Amino acid sequence: MSEERSLKKQKVSDESTAEIVAEAAEEALRLHPHPQVDDTLVHHDNGEFAKFKRHQTTAYDAESLENNTINPFTGNEFSNQYFKILKGRRDLPVHAQRNEFLKVFQSTQIMVFVGETGSGKTTQIPQFVLFDDLPHLTGSQVACTQPRRVAAMSVAARVADELDVELGQEVGYSIRFENKTSNKTILKYMTDGMLLREAMEDHDLKRYSVIILDEAHERTLATDILMGLLKQVSIRRPDLKIIIMSATLDAEKFQKYFNDAPLLAVPGRTHPVEIYYTPEFQRDYLDAAIRTVLQIHATEDEGDILLFLTGEEEIEDACRKISLECDELIREQDCGPVDVYPLYGSLPPHQQQKIFNPAPQKLRPNGRPGRKIIISTNIAETSLTIDGIVYVVDPGFSKQKVYNPRIRVESLLVSPISKASAQQRAGRAGRTRPGKCFRLYTEEAFKKELIEQSYPEILRSNLASTVLELKKLGIDDLVHFDFMDPPAPETMMRALEELNYLQCLSDEGDLTALGRLSSQFPLDPMLAVMLIGSPAFNCSEEILSIVSLISVPSVFVRPASARKRADECKMQFAHPDGDHVTLLNVYEQFQSDDALQIGLHQWCRDNFLSYRSLTTAKSVRSQLRRIMEKFDLELNSTSREDDIRKALAAGFFMQVAKKKSGSKGYLTIKDNQEVLIHPSTVLAKDPEWVIYNEFVLTSKNYIRTVTAVNPEWLVELAPKYYNLEHFNKGDVKLSLERVIDSVETKKRVEDSKDKKKSKKKA
DNA sequence: GAGCACTGC
């Protein structure tokens, strides 16, 4: 073995991992100080815009070019399809206000644009901008952000058609795992997270002349950070124009935040929806929901029904009950036939597609019409739109993420929705014709108890990644950063503390080399640090797999009809060390020739594994691996499970629990939370010390995805964290004291041995 | 002896 390698090995015993990792990070960044973002943009001048003066054009100017026979952006002749689409575009509500839009756009740096659903804002406004900003003449780009990948892709495809260009050329999109743009691209649809990543390398977003933040009212974490950033960038870059696009309710807040930016509002195009409230409070919303759906089916005219519930189990249960009851209605009251479909995120795509099936045909020529009933989570509120819905049933609840900074736990809680959500849900009934929305709460409750807006994500999340991102964005003073809604100080403190223990931030709160390197990975900082540290334990290939698997939805599938068989299948992959290595086994067999021969889909079905999660994990893994290669982080592999467990301990040292003496449960280190190991674990007996991937608050406090570790590793790998002065008195502290004592004794013995050896040599 | 709302890099 090379000298270099043995030197690294030596280091493992002498230094804490944090130090090794920090050194590796310094080295990697010394070699690659500025990661390349993209290729250079080209200028394009077909002469078609010769008469245009940038930021002084009118709707008339633009429309005459649009009506021409030559595509001003490509120089090619327009297709027939182009003119067909153009006709439709001219009917959109935004079109009537094109001039008004241009005047505001030209007169100001930042504007707020309010457009309801169906106004055409997402497809048209960026095009209005193109004809006035003329990015192709200045070698710049117009960006339009979306909270979701599918939206970015499908809108880009639509706009490419509208402009009669090839997708990926003048109009493109950029999302994780796929960049469909070229150096000709002048309009780029992208996810908000993607723009944020670009900002981390180019703080002034210099390649863009206009940035449009669409769906800003959704207040995703990325949108919120981008808004704060853009507010600063706008001062440094007076030439940059910014458009915030949102639904009505929030408009004033956005205006105010952006120093009273002008606002333009365009009506939407939807049909009226009549709202009905229950006269009194409904104790059992599930029961009330089912009764309402049945009543609609028995008494209302033709039209499909959409019922909002909170989660998979509730939805499947309601589907069964409604199907049964409807059968009875058909038999006894001669009602029309129904198809009941569940809809939630973890449903396989081919099942999700079923919601677009046509409603069932009437049973006989003069019978009553058939109806489609869709029972859905919040996914149908924003991500998926279903035409043909006429009746919406809204019990007023959804599962929402909440963060408790005191115990550092994110969890899902069934909570009342906001007024904005309720309005959005009701709107789903009016997409094709006038509809009705049945709210299963009183009008009084709607007015007095529902909050106006759901809390933005930034107030409900662990902010470790966010703080690291902000630091990487060059924002040093987080305390005075102008958030639209500032997070709780305690949440910020927790994030800073965590990043400091991970050595991503120095004691002064400055970004360290390790912090800069960690921010390159699209991962939770803890996982990024673990990955960066893993080559020192000779197992970066293994940790790559494990990290990828824990950053995607669970790979284990457990259908209600075959729980036992699914559990048995899982046990075939079980590893005595714990759940992390079990995940690794799954991945390695997924990649094996055997699985390939059987066919990956079939193999996954046979083994009760999620094909979708495993393929996503594979994409994540290759993305992470590319970043490792880019920074020359060693890719190596081990045959010793202890190496893997040590590498895990080096990352998860803040998520440790110790078995309680005498009783069944565990106590988390430092916070002394009483927890149980989740029953899904493969661990047969309870180890004294475990690291865990997540803390889940459901019927009880559980820790999920756990691996047994040796406590001596922990105190050696993360001495700063295991400085016991910061621990509360108790069993855990006593045990740790003993561990530290024994580690120190061992060290002294070894030191004296070493001394004797060197004396002998001398 | 349980349950993953939904996104995103």
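Biologist: Hi! Where does Tyr666 lie?
Modeller: Tyr666 lies in strand β18, residues 666-668; strands here are DSSP runs of E with at least two residues, helices are runs of H or I with at least four residues, and both are numbered from the N terminus. This is a predicted model, where local features need pLDDT of at least 70, side-chain atom pairs count only at pLDDT 80 or more, and totals for chains, interfaces and linings use all residues. Residues are numbered from 1 along each chain as its sequence is written, chains are lettered from A and ligands numbered from 1 in the order in which they are written, and side-chain values use heavy atoms, with hydrogens and water left out.

Biologist: Thanks. Is Tyr666 buried or exposed?
Modeller: Tyr666 counts as buried, at 1% relative accessibility. Buried means under 20% relative accessible area, exposed means over 50%, and partly exposed is in between, with a 1.4 Å probe and protein chains only.

Biologist: And how far is the C-alpha atom of Tyr666 from that of Leu676?
Modeller: Those two C-alpha atoms are separated by 5.9 Å, with the residues 10 apart along the chain.

Biologist: What about His678, where is that one found?
Modeller: His678 is in the loop between β19 and β20. Its relative accessible area is 18%, so His678 is buried. The His678 side chain also makes a polar contact with the side chain of Ser680, at 2.8 Å. A polar contact is a pair of N or O atoms within 3.5 Å; within protein, one must be able to donate a hydrogen and the other to accept it, and residues adjacent in sequence count only if both atoms are side-chain atoms.

Biologist: Switching to charges: how many salt bridges does a search of the whole structure find?
Modeller: The search finds 43. A salt bridge is a side-chain nitrogen of Lys or Arg within 4 Å of a carboxyl oxygen of Asp or Glu. Side chains of opposite charge can pair when their charged atoms come close.

Biologist: Which residue does Arg90 meet in a salt bridge?
Modeller: Arg90 meets Glu66, at 2.6 Å from N to O. Arg90 is in helix α4 (residues 80-90) and Glu66 in helix α3 (residues 59-67), so this pair ties together parts that are 24 residues apart in sequence. Arg90 is partly exposed at 23% relative accessibility, whereas Glu66 is buried with a relative accessible area of 2%.

Biologist: Which residues are linked with those two in a network of salt bridges?
Modeller: The network links Glu66 and Arg90 with Arg89, Arg98, Arg158 and Glu162.

Biologist: And which residue forms a salt bridge with Glu688?
Modeller: That's Lys658, with the closest N and O atoms 3.3 Å apart. Glu688 sits in the loop between β19 (674-677) and β20 (689-697) and Lys658 in strand β17 (residues 656-659), so the pair ties together parts 30 residues apart in sequence. Glu688 is partly exposed at 44% relative accessibility, while Lys658 is buried, with a relative accessible area of 10%.

Biologist: Last one: which residues make the nonpolar surface patch of about 270 Å²?
Modeller: Ile451, Tyr455 and Leu459 make that patch. Tyr455 is in the loop between α17 (443-448) and α18 (464-472). Patches are made of residues with over 30% relative accessible area and no salt bridge, with like charges joined within 9 Å and nonpolar side chains (Val, Leu, Ile, Met, Phe, Trp, Tyr) within 5 Å. Accessible areas come from the Shrake-Rupley method with a 1.4 Å probe, and for residues only the protein chains shown count as cover.
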